[in-house]
Amino acid sequence: MQSHFGHMLLFTGLVSTFFAVLSRSESRRRIRFGLTMAACMILLALGLAWAMYPFPG
Amino acid sequence: MSTQPEEHGAGRTLLACIAAWLIPGAGHFLLGRRGRGVVFFLLVGTTFSLGLAFDGKPAVVDRRQPLLSWLQVFANVGAGPAEMVARRCVLGELTYVLPADDAGPTPRSPVGLKLREITRSARTGYGTAYLWTAGLMNILLILDAFDIGIGRKS
């Protein structure tokens, strides 16, 4: 896999699942926490990527 | 799964912390959080395996940037003995320090040459990030096992 976005999704999935299981004990709260964390990570990464667009690659 | 925090005693807590470093998730397993232990083993194991699959670079202490390279080695070592085996296989020897006379643009030692070869891979950035993440995850698991062991967390 060479896609930056694919790696970002994979990494986000692993890390958000890890922290959801680590920090919450009820299944419902785990799922909610994991989805919220994953959404925040993806949106933050896309926002930073957009903000850095003017800089040369 | 227990919901009330309970103390497990100093010896068992210490054993759980050591087990957590040796095998990711084993600390939780020993303290009765078996489901969590298995999930953590799979998560850390998958992350570590992805690191190896994507040409992750084992960190070595480089005198040109000591703080950053020490932090990278710390993150690597957190993954436990599996990291030592992987390091031995990837670098050809179990070393954590770049030879002093090899800190330059033209490495001469086998480790320096191997590191330069790995760095040329287009995937090494991804793999290295996965390796660091697996180690840091396992360090958090050791601390979590400690908290469970002393009764601070259920």
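Modeller: Start with helix α7 (residues 124-149) of chain B. Its 26 residues, at 1.5 Å a residue, should span 38 Å. Just after α7(B), B:G151 adopts a positive phi of about 85°.

This is a predicted model, so confidence comes next. Chain B has a mean pLDDT of 92, with 97% of its residues at 70 or more. Within chain B, the lowest confidence falls in helix α6 (residues 110-119), at a mean of 88. The highest is in helix α3 (residues 34-53) of chain B, at 97. For the model, ipTM is 0.89 and pTM is 0.91.

Now the meeting of the chains. Chain A gives 8 residues to the contact and chain B gives 13. The side of chain A that touches chain B has 5 nonpolar and 3 polar residues, and no charged ones.

Helix α3(B) takes part here. Two packed helices are described by the angle and the distance between their axes. The axes of helix α1 (residues 4-23) of chain A and α3(B) come within 10 Å and cross at roughly 160°. An angle over 145 degrees counts as roughly antiparallel, and α1(A) and α3(B) are therefore roughly antiparallel to each other. The crossing of α1(A) past α3(B) is left-handed. From α1(A), the contact uses A:L14, A:T17, A:F18 and A:V21. From α3(B) come B:R36, B:V39, B:F40, B:L43, B:T46 and B:T47. By class, this helix pair brings 6 nonpolar, 3 polar and 1 charged residues to the contact.

Definitions and conventions. Residues are numbered from 1 along each chain as its sequence is written. Chains are lettered from A and ligands numbered from 1 in the order in which they are written. This is a predicted model: local features need pLDDT of at least 70, side-chain atom pairs count only at pLDDT 80 or more; totals for chains, interfaces and linings use all residues. Two residues are in contact if their C-beta atoms, placed from the backbone, lie within 7 Å. Ala, Val, Leu, Ile, Met, Phe, Trp, Tyr, Cys and Pro count as nonpolar, Asp, Glu, Lys and Arg as charged, and the others, Gly among them, as polar. pLDDT is the predictor's confidence in each residue, from 0 to 100. Helices (H or I, at least four residues) and strands (E, at least two) are DSSP runs, numbered from the N terminus. The expected span of a helix is 1.5 Å times one less than its number of residues. Axes are lines fitted to C-alpha atoms, for helices over the stretch in contact, and angles run from 0 to 180 degrees between N-to-C directions. Angles under 35 degrees count as roughly parallel, over 145 as roughly antiparallel, 65 to 115 as roughly perpendicular and the rest as oblique. A crossing is left-handed if the near helix is turned anticlockwise from the far one by less than a right angle, and right-handed if clockwise.
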